[in-house]
Amino acid sequence: MPRPPHPRSRRHSPGQRPPADPPGVPARRAALRLLDAVLRRGLAIEQALAAATAGLSPPDRGLAHAIAAEVLRRLADLDALIDGATRNRLPDDAKARFALRIALVQALRLGTPPHAAISTVLPLVDGGPRKLVHGVFGTLLRGDAALPDTPALPPPVHDRIARNWGDRVARAAGEAIAAPPPLDLTLRGDPPLAGVSLLPGHVRLTTDTPVPDLPGYAAGDWWVQDLAASLPARLAGGGGGHALDLCAAPGGKTLQLAAAGWDVTAVDISESRLARLSENLARTGLSATIVTADLLDWQPPAPADVVLLDAPCSATGIFRRHPDVLHRVGPRVIAEMAEVQARLLPRAASWVRPGGLLVYATCSLEPEEGEAQIAAFLDSHPDFAIDPVLPDELPEGLVAHERGWLRTLPGMLAEQGGLDGFFMVRMMRVAGDSPGT
């Protein structure tokens, strides 16, 4: 009498649902979907999160995100381990490679017991490669495999940072992705939490507590905002007039401007991201006029006292929290974003009243999206001049460039927990109409 097939190899008739995954596997399957979205399809991890984790509980959703993010932080080193333990190199898009990345990062970085790390990824692999995954994982763990303290950057990213800012900054970037960064809060009043303050109205925490569970969240006493991301709105100064916050979502800068007393109009093309801004305005009790519009089509009814353009960019400066940018952003994306900025900046400038301020910022490490962008703008707009960033506007340890703008880089304020990579500049409109507007 023939033996029945092994349960793992049973075929299912058309329309028959496969058996449910064992406990622990759905989160790993979601992590695989996230990694596939980033590495194969070039999506941001936040773009893919909802679809990849649909149906998961909040803890499993968080676990899937944590696994995928840690794999992206350590991808080059994980692949070096895998390639050193396989006779024939696995294709980059092979499920076996993805499964090994997920299993290894759990065992070597996230504290998952090895038996749980491997048993929860084997169902992700079909057929013969399952034995390969199990064997390679076992070989590496028996051989005391380890990941370096400082992750290796993807070679194109390392080369680009080193070319633009030097080898020391490239090394600092590797150190910066070794672990998720601390949590920065921008405060409305006295800090409700014990932490380190690097500027008035700022506190930095090291905590694993979910943000909504922290004291003061429901009362709207603060909002989450990286220290570097909070600096452009600080350059606007105190309120009393009309401020335009362009590309405003998710809204941290709008909240800052409103809290400083400005009458704020917040404009963004994304209705869903503006919904988050509306929620945060309601939570904090602050107010702003929200406009959903494309800045290349929209026009304000009158010039503003302050225009803050946090321009769309490659986002290469926020890799500490969003390690997917290390793998999906390259020269083509950077060039495309620089072209968008070159179109938006003169348009935003035309909406500044004479004597008013234009603050331009990008969360990018690329000179094409910062220094070069402003040099070109000033050459064609003699009615604008840089209003230099002052020492008392910055945390101790940060210094503005001699031309008056601010560039934050990996390695800056490292002893205090670091900060994201940003470029920002404040300019004053010193004469009448800009040419070409």
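Okay, so let's start with the charged pairs: this structure holds 25 salt bridges. Keep in mind that we're looking at a predicted model. Quick background: side chains of opposite charge can pair when their charged atoms come close.

Let's go to arginine 321. Which aspartate sits with its closest O atom 2.9 Å from an N of arginine 321? That's aspartate 226, and the two form a salt bridge. Arginine 321 is in the loop between β7 and α13, while aspartate 226 is in the loop between β3 and α10, so this pair ties together parts that are 95 residues apart in sequence.

Arginine 321 also has a salt bridge with aspartate 420, and there the closest N and O atoms are 3.8 Å apart. Again it's a link between distant parts of the chain, 99 residues apart, with aspartate 420 in the loop between β10 and β11.

Buried or exposed: what is aspartate 420? It counts as buried, at 5% relative accessibility. Aspartate 226 counts as buried too, at 7%. Arginine 321 is partly exposed, with a relative accessible area of 25%.

Now, another spot. Arginine 89 and aspartate 83 meet in a salt bridge through their side chains, 3.5 Å from N to O. Aspartate 83 is partly exposed, at 27% relative accessible area.

Last stop, helix α5, residues 95–108. From first C-alpha to last it reaches 20 Å, close to what's expected for its 14 residues. Twelve of those 14 are buried, among them Phe98, Leu100 and Ile102. And what do the buried residues of α5 pack against? Helices α1, α3, α4, α6 and α7.

Key. Residues numbered from 1 in each chain as written. Predicted model: local features only at pLDDT ≥ 70, side-chain atom pairs only at ≥ 80, totals over all residues. Heavy atoms only, no water. Helix = DSSP H or I, 4+ residues; strand = E, 2+ residues; numbered from the N terminus. Expected span 1.5 Å × (residues − 1). Buried < 20%, exposed > 50% of the residue type's maximum accessible area, 1.4 Å probe, protein only. Contact = heavy atoms within 4.5 Å. Salt bridge = Lys/Arg side-chain N within 4 Å of Asp/Glu carboxyl O.
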